[in-house]
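Here are my notes on the model you sent over. Have it open while you read.

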Amino acid sequence: MKKISIIGLMSGTSMDGIDASYVYSDGENVERTGINSVTNYQKKTATLLEKAMKSPISFLKNEKLLIKLNRYITVDHAKAVIYLKNKFKINPNLIGFHGQTLLHDPKVLFSVQLGSGQQLSKMLKTNVVYNFRHNDLKGGGQGAPIAPIYHKFIVKSLNLNLPTIIINIGGISNLSYWDGKTLLGFDIGPGNNLMDFYMKEKFNKPFDLDGVVASKGFVINKYVERYFKNPFFNLLPPKSLDRLELFDTKILKELKNELPENIMSTLRDLTVKSILKGIQLLPKKPLNCILVGGGQNNVNLVNQIKKVMPLKVFTANELKLPGDFIESELIAFLAARKFFKLPSTFPSTTGVNKDTILGDLIKILKD
C-alpha cells in the first residue's frame, strides 16, 4: 500500500493545546517528517471548555452552549492545520481529528469528543477521519485506550527486547504492552491531571515545571494508601477511566491543610505508584519501559519512576522519539488505518467483541 500524507490532531485531557503532526503512513508504518506544532486554544474556547469540564452532564444539555463550543474547538483545530500547511507548504491527503474529550464513561459505554468532523472537512476542503471511539463502544469495548496499536509499531521499530511497555503520561496514564504475541492496553491511573489542577489552583501555573515544587516536599503515605484502596487498581485489563473518576477534587480536599510541597510530592507519588500497580497486572515482567506524553518532561517525576521501576526506563526523548507528539502521530496513524480498512482496537486492548476499525471518514469528492 502506498503511504499517504496525513496531519494528526490531538488535544488530551490536560487541554494544554492542540498537538499537530504531519506524517506519511500506510496504516502499518509511519514515516515522520519532523513537522509538528502546538497551538493553544483561543481564550474564548479555553474559558468555555473550562466551564464545560466542571459539569459535563449539565453542559451537554445546554444545546446553545454546546453548539458554540463545538464550533470554537473545530475552528481552533482548523487553524492548527492551516498554520502547518502555510508554514511548511504541505497539502495533506487526510486529516485525523480526535476532538476534545468532554466525557468518557466506560461503565455505560459513553464517550463525548467535542468538535465537528464535517465542519472541519468543509473548512479545510480535505478528507477527515473523526469519531474514533464510537465503533469500539458500539462493539462493547470501553472506547479506550486507542493507542496500543501505534505503541506496538513504535516498539517494533526500535527493536527492543520484549516484553516492552509504553506508558503515556498525559492527564491520565495509560499502558501498552507488547511481547511479540500479545498486545494489551489499559488506563492505569492519574498522570498529570491532579498535579496540574493543584498547580493552577494554588500557584496559578499550568504545571510544576521539572517537578521542582514536588521535589521539595515529602510524601504523606496515609493519603496514598487510602487512594489505592479504590478497587479500580486491582481490576484486570482491559479497563479505562472516566476523566473524573479517581481524579475529582476529593483527594485535594483531603490534602488541603498540608504544605503545598508535600501535597505535590504526594500527588506525584500517586502517578508513580499507579504505574507500578499497572505493571503488576501484566502477564510477563517487561524488560523495557518507554515514557511518552507530557509527563516525560517532568524531571522529578521521571527520576522517581526510574528509581522504583525494576526494569530499564527510557523517556521518548532519550530514544530520539518525538515524545510530545506521540499522540498526534497516533491519530494520524489511526486515520490511515481507517483509510486502508485496518482494525485499531482489539478484545485485548479495549474489551471490544472483535477487531474493530475506528473512525468515520468524510471524503471530499473531486470535481
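1. Ground rules. This is a predicted model, so local features need pLDDT of at least 70 and side-chain atom pairs count only at pLDDT 80 or more, while totals for chains, interfaces and linings use all residues. Residues are numbered from 1 along each chain as its sequence is written, and side-chain values use heavy atoms, with hydrogens and water left out.

2. Strand β4. Start with β4 (residues 94-105), where 12 of the 12 residues are buried, so the strand is largely enclosed by the rest of the structure. Buried here means under 20% relative accessible area, exposed over 50%, and partly exposed in between (1.4 Å probe, protein chains only). Helices (H or I, at least four residues) and strands (E, at least two) are DSSP runs, numbered from the N terminus.

3. Partners of β4. Two strands pair if DSSP finds at least two bridges between them. β1 (residues 4-11) runs parallel to β4 over five bridges, with Leu9 opposite Phe97. On β6 (residues 127-130), three parallel bridges make the link, and Gly96 sits opposite Val129. β5 (residues 110-114) is antiparallel to β4, again over five bridges, and Asp105 has Phe110 as its bridge partner. β4 and β5 make a hairpin with four residues between them, and Leu109 in the turn has a positive phi of about 50 degrees.

4. The cores. A nonpolar core is a set of buried Ala, Val, Leu, Ile, Met, Phe, Trp, Tyr and Cys residues joined through side-chain atoms within 4.5 Å. The largest has 43 residues, and Ile167, Leu175, Leu267, Ile305 and Met309 touch the most other members. Helix α11 gives the largest share of this core, seven residues. A second, separate core of 34 residues includes Val23, Ile146, Leu321 and Ala336. For Leu267, contacts (heavy atoms within 4.5 Å) beyond four places in sequence are Leu194, Met195, Tyr198, Ile251, Leu252 and Leu255.

5. Helix α12. In α12 (residues 299-308), Asn300, Leu301, Val302 and Ile305 are buried. Their cover includes β7 (164-169), α7 (193-203) and α11 (260-279). At the N-terminal end, Asn298 is the cap, with a side-chain oxygen 3.3 Å from the backbone nitrogen of Asn300.

6. Val352. Which loop holds Val352? The one between α13 (326-339) and β12 (360-362). Val352 is buried at 2% relative accessible area. Leaving out residues up to four places away in sequence, Val352 touches Asp136, Gly139, Gly140, Gly141, Thr345, Phe346 and Pro347.

7. Salt bridges. There are five in the structure, each a side-chain nitrogen of Lys or Arg within 4 Å of a carboxyl oxygen of Asp or Glu. Glu329 and Arg32 pair with their closest N and O atoms 2.7 Å apart; Glu329 is in helix α13 and Arg32 in strand β3 (residues 30-39), 297 residues apart. Glu329 is buried at 1% relative accessibility, whereas Arg32 is partly exposed at 33%. Lys284 and Asp179 also form a salt bridge (3.9 Å, N to O), with Lys284 partly exposed at 47% and Asp179 buried at 15%.

8. A bridge within one helix. Lys273 and Asp269 meet in a salt bridge too (2.7 Å, N to O). Because they are four residues apart in helix α11, about one helical turn separates Lys273 and Asp269. Lys273 is partly exposed at 31%, and Asp269 is buried at 8%.

Methods
A polar contact is a pair of N or O atoms within 3.5 Å; within protein, one must be able to donate a hydrogen and the other to accept it, and residues adjacent in sequence count only if both atoms are side-chain atoms.
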